There are 2 protein chains.
Amino acid sequence: MELSDILLWRYATKAMNGQKVNSDKIERILDAIRYAPTSNGLQPFEIIVISNNELREKLQPVINNQQVVTGSSHLIIFAAWDNVTPERVNRVFDQVVAERGNSQGLVDYRQFLLMKHTEQTTDDNFNHAARQAYIGLGFGLIAAANEMVDATPMEGFDPLAVDKELGLPAKGLRSVAMMAVGYRDAENDWLVNLKKVRRPVADFVTVLK
Amino acid sequence: MELSDILLWRYATKAMNGQKVNSDKIERILDAIRYAPTSNGLQPFEIIVISNNELREKLQPVINNQQVVTGSSHLIIFAAWDNVTPERVNRVFDQVVAERGNSQGLVDYRQFLLMKHTEQTTDDNFNHAARQAYIGLGFGLIAAANEMVDATPMEGFDPLAVDKELGLPAKGLRSVAMMAVGYRDAENDWLVNLKKVRRPVADFVTVLK
């Protein structure tokens, strides 16, 4: 399927039928998220993948009781770094050095980022990390559709309750978005046959020639 | 090309050769961004596309003097709504009603969003809008690579200076990210042959079975 068709095929699925997505597909979707580019290559977020039914039932009330929390095959949670600490920056750079070799440019770049994120507030660092997670969300949504797997991006949840249930504070993470993946239950999905609505080009794109 | 290959092919191009990307490809890239899903379908951002050389030369100093600002074919700027106002929410819902017809559900949904965004601070509304723009950035980056067009995501710029130059404050917009699209100048790009580094799966993905 062409990408343009994939983009029209996908929609924020509101009801899923519980069918499991095979592990190869899940792996490719997760890998697409992992390969998403992020600011300075820090990848300042992690993903938590839940297929466990009991845990998803427990989470459902704090995710707006959405059907897809339990109707999906896997629930993928995007959790941003609560802060960009020197330890985290150093860990990323240590890996880059190990894989590419060191250089003066890398040494300077590391120092620049260590200073930048120490000077910024924790809130600014978290918000910046959260934005990067959304690039990953974009990659994940396309990757799912490319596998003909339905996906529902979600922000309507109680992040503190989710974080607590998943023990994220101890890991220095905060949930910012989710993506349920599975297969549509077309008969029970009010959105499946509705026209996809997008702002017209003239209202969304300004071209300066 | 398979999506997995596309993800490996793309990289944050550091030098481009000035070659123009044909308009069909640009249109498909912009359409992918426009078709990206956003929270409640508000699409709370716009994109400004600049091919004009003079304007790009003028902007280059406030975009960290990056070569791709002028070396690219087009510079695509993601500008988030500076606030989510009742006018903007109503405009989106008016379009949905026009295209799908009205329903009590839509009436209630509109009221809920009008209330939510009035209660939230301007900063919260802007930050929320900015995150949505990053989903679009993710879609745009994949769409470019799918056309074998190189792309450079960028955050390292002076947003106030860019906004002023483009007259964004008068439009209620704030630049949050950019994407230069064009063709790599492999001989002058220090990054082109370096190994793509990503955090290992074990460090990035937690699976709860």
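Here are some questions and answers about this predicted model, chain by chain.

Residues count from 1 along each chain as written, with chains lettered from A and ligands numbered from 1 in written order. Because it's a predicted model, local features need pLDDT of at least 70 and side-chain atom pairs pLDDT 80 or more, while totals for chains, interfaces and linings use all residues, and side-chain values use heavy atoms, leaving out hydrogens and water.

Q: How many helices and strands does chain A have?
A: Helices (H or I, at least four residues) and strands (E, at least two) are DSSP runs numbered from the N terminus. From that end, the elements of chain A run α-α-β-α-α-β-α-α-α-β-α-β-α-β. The tally is nine helices and five strands.

Q: What share of the residues of chain A count as buried?
A: The C-alpha trace of chain A spans about 60 × 50 × 30 Å along its principal axes. Buried means under 20% relative accessible area, exposed over 50%, and partly exposed in between (1.4 Å probe, protein chains only). Of the 209 residues in chain A, the buried share is 56%.

Q: Which elements do the buried residues of helix 6 of chain A pack against?
A: Helix 6 covers residues 104-119 of chain A and reaches 23 Å from its first C-alpha to its last, close to the 22 Å expected at 1.5 Å a residue. (The expected span is 1.5 Å times one less than the number of residues.) Its buried residues are A:L106, A:R110, A:L113, A:L114 and A:H117, and they sit on the same side of the helix because they cover an arc of only 100° around the axis, going by directions from the helix axis to the C-beta atoms. They pack against helix 5 (86-100) and helix 7 (122-146) of chain A.

Q: Which residues are exposed on the other side of helix 6 of chain A?
A: The buried set of this helix includes A:L106 and A:H117. Over on the other side, the exposed residues are A:Q104, A:M115 and A:E119.

Q: Which exposed residues does helix 5 of chain B carry on the face turned away from its buried side?
A: In this helix, B:R88, B:V89, B:V92, B:F93, B:Q95 and B:V96 are buried. They share the same side of helix 5 because their arc around the axis is only 150°. That buried set packs against strand 2 (74-81), helix 6 (104-119) and strand 4 (173-182) of chain B. The face turned away carries B:E87, B:R91 and B:A98.

Q: Which residue with a positive phi follows helix 5 of chain B?
A: The helix has 15 residues (86-100), and its end C-alpha atoms are 20 Å apart, which agrees with the 21 Å it should span. Next comes a residue with phi near 90°, and that's B:G101.

Q: What separates the C-alpha atoms of B:Y35 and B:F139?
A: B:Y35 lies in the loop between helix 2 (23-34) and strand 1 (45-50) of chain B. Leaving out residues up to four places away in sequence, B:Y35 touches A:L7, A:L8, A:R10, A:K196, A:R198 and B:F139. B:Y35 and B:F139 are 104 residues apart along the chain, yet their C-alpha atoms are separated by 8.4 Å.

Q: Is A:R34 buried or exposed?
A: A:R34 is in helix 2 (residues 23-34) of chain A. Residues up to four places away in sequence aside, A:R34 touches A:Q43, B:R198, B:R199, B:P200, B:V201 and B:F204. Its relative accessibility is 9%, so A:R34 counts as buried.

Key
Contact = heavy atoms within 4.5 Å.
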